[in-house]
Every structure is written in C-alpha cells, then in structure tokens.
Amino acid sequence: MKQTLSARQLEEAYNACGTAVYRLAMVYLGRRADAEDVTQEVFLRLLCRAPAFADGEHRRRWLLQVTANLCRDQLRGFWRKRVTGLDDTLPAAAPEERTALDAVMALPEQYRLPIHLHYYEGYSVAEMAEILKLGQSAAKMRLKRGRELLKMELEGAL
Amino acid sequence: MNINDYRRGMDQIVPDAALKERIMNQTKKKTISARRVFAGVLAAALSIACLITAAFAASPELRTAVLSFFRLEEREHLPNSSVTPDGPDISNAEIGELVKAQYIKMDRYYGLSGGMLNSLTWSEDRKTLLDYKFWEVKDNELIPVQVDMHTNQIDVTHNGIHYQGEFWWFIHGGQLDFFTTDNRAWDEEGEHAWDWNFSLVPGRTDVLLLRLSTGTQMEYREYPLLYHLDTGETEELFAGVDPSVTEESDGTIWSDSFRLALIVGRPSDEFPNAQEWLYDRETGTLTAVNTLGGIGADTAAFADDDTLILYCFRCDEEDMIQDVTFYSYDIPSGRATKTLDAVPYYRSWDEKPSGVMTFGSRCVLISEEGQVQVVDLKTGDRTLLGGFTFRKGDSFQLNPSGNRLLYFSMNSNADSLGISQIGVADLEKGTFFAFDREGYENLHEGGIGWDDDNTVSIRASTLDNETQYLLVYQF
C-alpha cells in the first residue's frame, strides 16, 4: 500500500514512540545531541517512506530497528570511534540510578542494546533479535554475556 | 544496584520538547516533495443532492466555488471480531448508498500493492523471496491470482560504488509491481553506507527508475538511472548534466511526461552549494529554480508539463517556515504569476492549527476560524468547503490525480489514529460528504491513505492484536 503520512500521523507516531526511539539512541550513542539527530532522522524516514504497518507495535519495532541501524551507522563513523558514557547534560538521577545507567552504558555495543530492549522495553528474545537483525541464539548469548558483565540483579533470567 | 535502578534512571531520560518541533517541521519537506499533477478527468456522477452552490468574487483571479458539506445520517459500524480466519476473509457494507466498504480480515500481516492483496514469504535473512500469493478484491470476494513473477539482478557501479542485489517484479492488469528487500550496505570500515531502490515510471511497464544512494541524514545523496526490465541494462538520464549538480542532489521529481525533472538538493556540511534545478531532457537546459521568474523561489512542484508551482518561504531566525507565497510559473514563456500571498504555514501540533497544507499544485488553506478553502495554485481558483469547520485532529490527503480530497477526523484520546469521521470532497463534481464511524475505539488503526483515485484504505488490528484488518472504501 503506497500510503502517505500526514503531519498528524507523524505526530501520533512521535507521541507514541519518540521517547523510546530517543532512549535507544541515547543508550547507543550516549550523547544528547547525537541521539536527537538520530531520532530526527528516524522520523524523517518514517515520513518519507511511510511504510504500511500491521499495528502500533509493528510500527514501534520498525522505528527501533531503524534507530539501531542508524546508531550503528554513526558509531562506525571515524568520528565516533571513541564511545563515551552518558553525557553530563542528563537530568540529575539518584546515585544508584546513575550508577546503573553508567554500568549499562559502559557495556560493549553488542551487549548494550539487547540489555536495554529486553529489560527496559520488555521485548522477548525473539522480538529483540528481530529488531537488532540477529539470530535468536546470538541474541540470547548477547543478553547472557551482557548480564554477566553487568553483575546486576536482573529479573527474568533467560 | 539492580535493574529497577536502571529503569528509574532511564525513565528520566526524555527528549527535549524542541525535538518534536524539529521533527514536525520535517513535514514541510515531505509535503513539498509530494508533487501532484492535476488531471482533468471527471468522475462518475454521484446520486446525492449535494451540489455546488457557486459563488463568485468580483475578481476572476479570486473566484470561489463553494462545496456544501453533507454529513451522512447513516453511520459505519466497524467490525472488531478477534476470530482469526484461516487466510484472508472479506465482508462488506454500504454506507448511505454512497460508499462501498470492504473489511478484509487477516490471520497475519498481508500487503496491498498494485490493487491486490499479497502474502510474501521471505528467507530468514530477508534476502530472498521464497513464496508469494496474490488476491484480487472483486465483487466482495477475494479471488486468488497467479502472477508471472520475474527475478532480476542489480549489478551497477556508479561513482566507484558497486550496487548489487536482487528484486522481483510482475505485470498484472497492465500494472507493473515490484518487491525489493533491504539493500543497504556499508564499506569495510563501516563509515559509508549506500543503498538502491526503485520507483515506478508513470505509464511505463518496461522500465523502473533505479535510485542509487549514498550517505545518510543530511549527507544523503541520490542518483537516478532508468532500468530496463527486459535486458537488465541501465540508461543514463542526466548524461549531459554538470556532474557537480547531480553529485549534490538528494532526489529527483519528474513531470508526467518524464521530459522535465526537478533535481532537488539541500545544502549540508559536505555539500554546501546544493540547490534545486529544473532540467529539460529534450533540450538539455538546466536552470536553477531560484532564478525562475526572478522571484528567488525556494522550491517547486509540477502542475503539468508546462507549469511549475514556485514556493517562496519566509523563515524565522531558527529557519522555521513562517509563511509561504506561491507563484504559477509558465515554463515556455518564463512568466510567473502570484497565486497566493504570504499565507501562514500549517502546524498540526499547534493548539489551534491553521495555515496552509501543501499538496504540490494544490493546497488547503485553513483560517483561524477553521474555515477551509482548497486553492488551485496554478490558476488561483478557490473552493470553499462550506458548512464545515476544521478542528484539531482533522486532516486531508489529496488523491493521486489531485481532484479528490480525503477528509478524516482523528480522536486525540485514542491510542492509534482513532478515525471518528471520514469523507471525500470531489473538487470537480462539487460534492463533499462524510460519515461517522462507530467502533473505531475497538481497533488499533495504524495508517490511512489513497490506494488509487477512488479507493482509500485503513490498516487496523484488534486491540488484542490477534486479528489484522484492511478496511477498504470505494468513494
């Protein structure tokens, strides 16, 4: 279906998924400005391509998938070789919350997103694998390895 | 430290409100790019006593027709059954003897393309189309259709980049349709991305427009070639054009005859000199859009092969569009005529939205009081939607031929689109009616749009997401 996306539909998509897209970009890139740029690009793609979605969840997964691709693209750029932790412009968080955020952000890239998508966004291993374009066994391994590295009391062990 | 600390910390990470404004401003690019050509085809007569009550202003340039809004008494009763069929299933309804509605219930996600419902099965890596099924929607039945599917390869080198991949296509009922998969690739260092995609060429079933792209975001650039389906060979479209122009272009808009092209470019760090050009393939003439008519236009749209609509934006210090002035530009004579002067730009997220929505050669002008006029930007002719008041949540979409305007009203309290009312203004026949929808709150509606000049469809699913629906309306 070659549909066009109206401003209202874009707004509705942003209201529903904008924060999730931005948070995923923040987890990946760690810098507010970079996350904003990627979020803008993600919704530009939604606007320009206007794919047909089966439902809101399908749209959300597509947006997160595009976010992961764009973030990966940015990180691979020479100017993003050195990945830093969360920038200092974030809202002040309680010490233990900040420690938890820093711990996840300090994980290598391949473990950071599976942890965020599974434990924060609540996606199953299969759904997370689809978003990150991974095989299910690879997704499961990354989640397991990320959890080991975090040494965090994570719920819902695989 | 536990995962709940992470969740609470992450909950505090929210984007600035200004980011939404930035994103919503992108719609200006989209609406400008949606070039529509106005066709002079009269639709079949409707059996409704909803007539033009013509009213004319003194100046012929400002003559205004009035369409009286007619709200159907009959309401649509939407299906919401979660009983999942074994394959697609269809039911139908008529609304006010004016609209034929077809409700296609599906066990999983099906596509709609080329006027047919499709079920595609891809390999796990989504690189290969393994199986496909198609159905035509005819007389309230889904009729299986066999298609002669072809597979072609892309193997093109342009500017030192090797573009390759596979795609699938067929012709059915005189229409070409194609399917591609994810073609994006990176270099070994992962620093540069490239991609290829296709577009249909109006009136042609032997070729596709192959769009080769590099870069992302502001550095995205695109180069078009004509791809011949029978030989797999590509044909240059910009053979005589200065390469510095095409290298800085991020897309091309074609006139209906494919003779004229608007080579679009937006400046960026890497391409600071990018701008928009009008190119005539027959004469090889290349003209900067900002020089046309001596008015410094920012961008343009085709009204027809002899006429451009020139857009002049006035922006504030943050580069946000404040208002737009439109000119009709006669290409053979080089004469520009102002058709709409300094109208505010529409922003749907404003508390009480008003201003201009652009649809290529036409626009919808909404006053602060909610009065709506459709303006033909070639002639300046206006059509007032009488008896109708625009409210926040209302929206319009023009059909591909530009002669019918879809109207729909969205409930802002709904989780999805929540379309509570839907209708069509026929600008040539002079009719405008809409009907209320009952039961939309029991569906998650994810998309609405024209499939062809007479058909509108809505994608939806039940709230438990067990059953998918395609709601098709023949106006």
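## Strands β6 and β7 of chain B

Strand β6 (residues 116-122) and strand β7 (residues 129-138) of chain B run antiparallel and are joined by seven bridges. Two strands count as paired if DSSP finds at least two bridges between them. Helices (H or I, at least four residues) and strands (E, at least two) are DSSP runs, numbered from the N terminus. Across this pair, B:S119 stands opposite B:K133 in β7(B).

This is a predicted model, in which local features need pLDDT of at least 70 and side-chain atom pairs count only at pLDDT 80 or more, while totals for chains, interfaces and linings use all residues. Residues are numbered from 1 along each chain as its sequence is written, and chains are lettered from A and ligands numbered from 1 in the order in which they are written.

## The sheet and a loop

In chain B, four strands form an open sheet in the order β5-β6-β7-β8, with antiparallel pairing. β5 (111-113) and β8 (141-145) of chain B are at the edges with a single partner strand each, so one side of each has no neighbour in the sheet. On average, neighbouring strands of this sheet are turned by 35° against each other, direction ignored; the axes are lines fitted to C-alpha atoms, for helices over the stretch in contact, and angles run from 0 to 180 degrees between N-to-C directions.

B:R126 lies in the loop between β6 and β7 of chain B. B:R126 is exposed, because 10 other C-beta atoms lie within 10 Å. Leaving out residues up to four places away in sequence, B:R126 touches B:T181 and B:D182; contact requires C-beta atoms, placed from the backbone, to lie within 7 Å. From B:R126 to B:N183 there are 57 residues in sequence and 9.9 Å in space, C-alpha to C-alpha.

## A hairpin in chain B

Strand β9 (residues 150-158) and strand β10 (residues 161-172) of chain B pair in the antiparallel sense over nine bridges. B:H150 stands opposite B:W169 in β10(B). Two residues separate β9(B) and β10(B), which form a hairpin, and B:N159 in the turn has a positive phi of about 50°.

Helix α1 (residues 3-11) of chain B has B:I3, B:D5, B:Y6, B:G9 and B:M10 as buried residues. Seen down the axis of α1(B), these fall within an arc of 155°, so they line one face of the helix. The arc is that of the directions from the helix axis to the C-beta atoms. The buried residues of α1(B) pack against α1 (7-29), α4 (95-105) and α5 (109-120) of chain A.

α4(A) and α1(B) pack at an angle of about 95°, with their axes 7 Å apart. That makes α4(A) roughly perpendicular to α1(B), a term for angles of 65 to 115 degrees. In this contact, A:E96, A:E97, A:R98, A:A100, A:L101 and A:V104 of α4(A) meet B:D5, B:Y6, B:R8, B:G9 and B:M10 of α1(B).

## The two chains overall

Chain A has seven helices and zero strands. Of its 158 residues, 49% are buried. Chain B has four helices and 35 strands, and 36% of its 475 residues count as buried.

Technical notes. A residue is buried if 20 or more other C-beta atoms lie within 10 Å of its own, exposed if 12 or fewer, and partly exposed in between; C-beta atoms are placed from the backbone. Two residues are in contact if their C-beta atoms, placed from the backbone, lie within 7 Å. Angles under 35 degrees count as roughly parallel, over 145 as roughly antiparallel, 65 to 115 as roughly perpendicular and the rest as oblique.
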